[in-house]
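Below are my notes on the model, as numbered points. Please read them with the coordinates open.

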Amino acid sequence: MNEFKYERVLLKLSGEALQGEGVYGIDPKVVDMIAESVKEIVDGGVQLAIVVGGGNIFRGMAGAASGMDRAQADYIGMLATAMNALALREGFERAGIPSRVQSAIDMQEIAEPYIRNRAIRHLEKGRVVIFACGTGNPYFTTDTAAALRACEINAQAMLKATQVDGVYDSDPRTNPGAKRFEVITHKEVLEKELHVMDSTAAALLKDNGMPIIVFNLHKQGNIARVLRGENIGTIVK
């Protein structure tokens, strides 16, 4: 009997999660830690897809703020997500986890094109699918891409891995008195502007009844704990 509460989920990773203690780039130790956590759940029968950001290499919004054309800056950010996706795939394969990268931008020498039915087939065969390049369109964040892909592959939940252990009413890194929510609704997230993710992504998940589980990535074993239904992080439903 499967010990996990969900059979198919999408995990959203920020690019910053991959940089570890560095100021930019990819920390191989973090990739190995993620691979170890992923192997536990994949070996347990969970079908896992991943959307990864690119903020550890380049952030489109920051580029636009410094004077770059927004669309061009976003395309550069999409290429950064492809680099992160390839790094994750390499780490997963070394850990014995079969995986595929699917890109919303055609780069056939290094990744498959995003095809929904093919992605679902990979998941059914026990392969981890890593979605790169967001939606393939500028002005849409990787949060929105994660929400879109989660709905497209019929995931049962979206997991949002962060640097903190849930959703708070203010930033716990600057406010020691910040209150963590154990359960909150999509509507409250939007009305309170809690910045779980951008409003486009949050509204899409709300409209499709997709729960979001926000948790701390950097505690070893947390992905499995979330999938077992343990009371960690925050559930948005």
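1. Which side chain makes a polar contact with the side chain of Glu 112? The side chain of His 122 does, at 3.1 Å. A polar contact here is a pair of N or O atoms within 3.5 Å; within protein, one must be able to donate a hydrogen and the other to accept it, and residues adjacent in sequence count only if both atoms are side-chain atoms. Glu 112 sits in strand S4. With a relative accessible area of 19%, Glu 112 is buried (buried means under 20% relative accessible area, exposed over 50%, partly exposed in between, with a 1.4 Å probe and protein chains only). Beyond its neighbours within four places in sequence, Glu 112 is in contact with Arg 100, Val 101, Gln 102, Ser 103, Arg 118 and His 122; contact means heavy atoms within 4.5 Å.

2. On conventions: the model is predicted, so local features need pLDDT of at least 70 and side-chain atom pairs count only at pLDDT 80 or more, while totals for chains, interfaces and linings use all residues. Residues are numbered from 1 along each chain as its sequence is written, and side-chain values use heavy atoms, with hydrogens and water left out.

3. The sheet is open and has 9 strands, in the order S4-S3-S5-S2-S1-S6-S10-S11-S9, with mixed pairing. Strand S4 (112–113) and strand S9 (183–184) are at the edges with a single partner strand each, so one side of each has no neighbour in the sheet. Helices (H or I, at least four residues) and strands (E, at least two) are DSSP runs numbered from the N terminus, and two strands pair if DSSP finds at least two bridges between them.

4. Strand S3 (residues 99–103) has 4 of its 5 residues buried, so S3 is largely enclosed by the rest of the structure. S3 and S5 run parallel and are joined by 5 bridges; Ser 99 has Val 128 of S5 as its bridge partner. S3 also pairs with S4 in the parallel sense, over 2 bridges, and there Gln 102 is the bridge partner of Glu 112.

5. Strand S2 (residues 47–52) runs parallel to strand S5 (residues 128–132), with 3 bridges between them. Val 129 in S5 is the bridge partner of Ala 49. Helix H1 (residues 28–43) packs on the sheet and touches S1, S2 and S5, its direction making about 150° with that of S2. Axes are lines fitted to C-alpha atoms, for helices over the stretch in contact, and angles run from 0 to 180 degrees between N-to-C directions.

6. How do the axes of H1 and H3 cross, and within what distance do they come? They come within 9 Å and cross at roughly 55°. That makes H1 oblique to H3; angles under 35 degrees count as roughly parallel, over 145 as roughly antiparallel, 65 to 115 as roughly perpendicular and the rest as oblique. Val 31, Asp 32, Ile 34, Ala 35 and Val 38 of H1 make the contact with Ala 87, Leu 88, Gly 91, Phe 92 and Arg 94 of H3.

7. For helix H5 (residues 142–152) and helix H7 (residues 199–207), the axes come within 7 Å and cross at roughly 15°. H5 is therefore roughly parallel to H7. On the H5 side Asp 143, Thr 144, Ala 147, Leu 148 and Cys 151 meet Thr 200, Ala 201, Leu 204 and Leu 205 of H7.

8. Asn 84 belongs to helix H3 (residues 70–94) and counts as buried, at 0% relative accessibility. Its side chain is joined to that of Asn 56 by a polar contact of 2.7 Å.

9. Most residues other than glycine have a negative phi. Cys 133, in the loop between S5 and H5, has a positive phi near 70° and is buried at 0% relative accessibility. Asn 154, in the loop between H5 and strand S6 (157–162), has a positive phi of about 60° and is partly exposed at 48%.

10. Glu 7 lies in the segment before strand S1 (8–13). Glu 7 and Gln 47 are 40 residues apart in sequence, with their C-alpha atoms 5.9 Å apart.
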